[in-house]
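Open the model in your viewer and keep the selection panel at hand.

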Amino acid sequence: MSEPLNLKAKLGLNVFKEDKERHINIKPGMEKDPRLKRAVLVCPAGLYSLNDKGEVEFTIDGCLECGTCRIACGVEVLDWKYPHGGAGVQFRFG
Ligand code: SF4
């Protein structure tokens, strides 16, 4: 019997097609808003992180389109929309 996959391995089964533009962006002037740090804690794909200066950085590659960061940070902080048709995540459950 094979070992169960850990979370990182499971996420690695998904396929992501690059969109022509980022579907999540920090709104201008909100880069230092404290609400942004909530995304570091809640993003299930771990796409948000704190750099050495305590600033939030994120990458869009691997986004599950769950909307958790949008709810946690608020629409005042994040400009969030789904990728264009045919782009984004394709879930593969292995
Ligand atoms: S939509 Fe979900 S997976 Fe994508 S960045 Fe936000 S919290 Fe992470």
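Which residues does Leu-36 touch, not counting residues up to four places away in sequence? Select Leu-36 and look for Ile-26, Met-30, Glu-31, Val-56, Cys-73, Val-77 and Leu-78; contact means heavy atoms within 4.5 Å.

A note on the model: it is predicted, local features need pLDDT of at least 70, side-chain atom pairs count only at pLDDT 80 or more, and totals for chains, interfaces and linings use all residues. Residues are numbered from 1 along each chain as its sequence is written, and side-chain values use heavy atoms, with hydrogens and water left out.

Next, select the largest nonpolar core, with its 16 residues. Such a core is a set of buried (under 20% relative accessible area, 1.4 Å probe, protein chains only) Ala, Val, Leu, Ile, Met, Phe, Trp, Tyr and Cys residues joined through side-chain atoms within 4.5 Å. Ile-24, Leu-36, Tyr-48, Cys-69, Cys-73, Val-77 and Leu-78 touch the most other members. Color β4 (56–58), α3 (68–73) and β5 (78–80): these elements give two or more residues each to this core. Helices (H or I, at least four residues) and strands (E, at least two) are DSSP runs, numbered from the N terminus.

Now go to Gly-29, in the loop between β2 (24–26) and α2 (38–42). Gly-29 is exposed, at 65% relative accessible area; the cut-off for exposed is over 50%. Draw a C-alpha to C-alpha distance from Gly-29 to Val-77: 8.8 Å in space, 48 residues apart in sequence.

Finally, show the whole protein chain: 3 helices and 6 strands, in the pattern α-β-β-α-β-β-α-β-β.
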